[in-house]
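Subject: Structure for you to look through

Dear colleague,

Please find below the structure that I promised to hand over, with my notes following it. Could you read the notes with the model open beside them?

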Amino acid sequence: MTEHLMERMTWKEVEARLAAGVDAVILPIGTTEQHGPHMPLDTDCVIARSLAERVAAQAEADGLSVLVAPTLNVTLSWYHMQFPGSMRLSTPTFLEVFKEVVESLHHHGIRNVIALNGHGGNVAALTVAVNYYLEQTGRRVFLAQWWELAGDVVGTVEGPGIHAEEAETSLALAVGQRVLMDEATIEAWDRGDAVKEAGHTWSSLGKYSLVPKGPGVTVPMDMLRDITESGVVGDARRATPELGQRIIDAFVPRLVTVVRDMSETAPEA
Ligand SMILES: [Zn+2]
């Protein structure tokens, strides 16, 4: 089987792949943070890297060449710090890390970089990051997120599509992450109520879901332990590997399409 993970290759192997032509490099971005009582801290890393590897394999089958960069595994989890083991970078540091990692990839002549984000807490910063990168370097990096690219599947899940709940736990099951389903629980099913109960500013028009359901205003994150003791926001007990597989089946071919589109339209490096 072809190796797609850059960190598992020798520099000679990377050199050969680059010489043969690489259509895109995918940069998986996870985090190290609590994922309820039922999943390990590396869940977002495992999901992002697993999706990236699946995209690389499918791309190869479709005649494209995709490499997978090392996963960024400590990112923006400041609002999870009340839970043991969670780790954080500050937002400005994260923006710098992103820029320097992507610059390293571009340094080697890679034309197309796709950030594949597995962590909801990174959405706002990564949206800034890819635009800031363009502002600074003139290069276009795309941002792919499973809850967006497979939004038609993820959007069918009831309740708050937030954290360690049905959709994310299903995806974790489908990619082979360690999941203790006996420990899976439901909490903060109505995130708005939970926020209000915690005594924080709240609005019935607050947008609290990764897949927005109707009109609303953007609100910041909540310090999660204020609204959930277990760390789960939603219902993890409903998770199934079948739902996770449907998310994968929607996501992978679409990101391969993005790779092909970028490859066909990108100017020469
Ligand atoms: Zn997660």
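Before the helices are described, a definition is needed: an axis is a line fitted to C-alpha atoms, for helices over the stretch in contact, and angles run from 0 to 180 degrees between N-to-C directions. Helices (H or I, at least four residues) and strands (E, at least two) are DSSP runs, numbered from the N terminus. This is a predicted model, in which local features need pLDDT of at least 70 and side-chain atom pairs count only at pLDDT 80 or more, while totals for chains, interfaces and linings use all residues. Residues are numbered from 1 along each chain as its sequence is written.

The helix pair

Two packed helices are described by the angle between their axes and the distance between the axes. In this model, α7 and α10 pack with their axes 7 Å apart and at an angle of about 85 degrees. That makes α7 roughly perpendicular to α10, a word used for angles of 65 to 115 degrees, whereas angles under 35 count as roughly parallel, over 145 as roughly antiparallel and the rest as oblique. On the α7 side the contact is made by A167, S170, L171, L173 and A174, and on the α10 side by P241, L243, G244, Q245, I247 and I248; two residues are in contact if their C-beta atoms, placed from the backbone, lie within 7 Å. The residues of this contact divide into eight nonpolar, three polar and no charged, where Ala, Val, Leu, Ile, Met, Phe, Trp, Tyr, Cys and Pro count as nonpolar, Asp, Glu, Lys and Arg as charged, and the others, Gly among them, as polar.

The sheet

An open sheet of four strands has the order β2-β1-β3-β4, and the pairing is parallel; two strands pair if DSSP finds at least two bridges between them. At the edges are β2 (66-68) and β4 (142-145), each of which pairs on one side only, and from one strand to the next the twist averages 25 degrees. Three bridges join β1 to β2, with A24 standing opposite V66 in β2. Strand β3 (residues 113-117) pairs with β4 over four bridges, and L143 in β4 is the bridge partner of A115. Helix α10 (residues 241-265) lies across β1 (24-29), β2, β3 and β4, and runs at about 170 degrees to β4.

What is covered

How many residues of β1 are buried? Six of its six residues are, a residue being buried if 20 or more other C-beta atoms lie within 10 Å of its own, exposed if 12 or fewer, and partly exposed in between. Both faces of β1 are covered, with A24, I26 and P28 on one side and V25, L27 and I29 on the other. Helix α1 (residues 11-20), by contrast, is hardly covered, since the count of buried residues among its 10 residues is zero.

In soluble globular proteins, nonpolar side chains tend to be buried together. The largest nonpolar core here has 70 residues, such a core being a set of buried Ala, Val, Leu, Ile, Met, Phe, Trp, Tyr and Cys residues joined through C-beta atoms within 7 Å. Those with the most contacts inside this core are I26, L27, V55, L116, I247 and F251. Leaving out residues up to four places away in sequence, L116 touches I26, L27, P28, I29, A48, L51, A52 and A144.

Some single residues

A164, in the loop between α6 (151-154) and α7 (166-175), has a phi near 55 degrees, a positive value in a residue other than glycine. A164 counts as buried because it has 28 C-beta neighbours inside 10 Å. A188, in the loop between β5 (186-187) and α8 (191-197), also has a positive phi, of about 50 degrees, although A188 is not a glycine.

Leaving aside neighbours within four places in sequence, V217 is in contact with S203, L205, G206 and K207.

With best wishes
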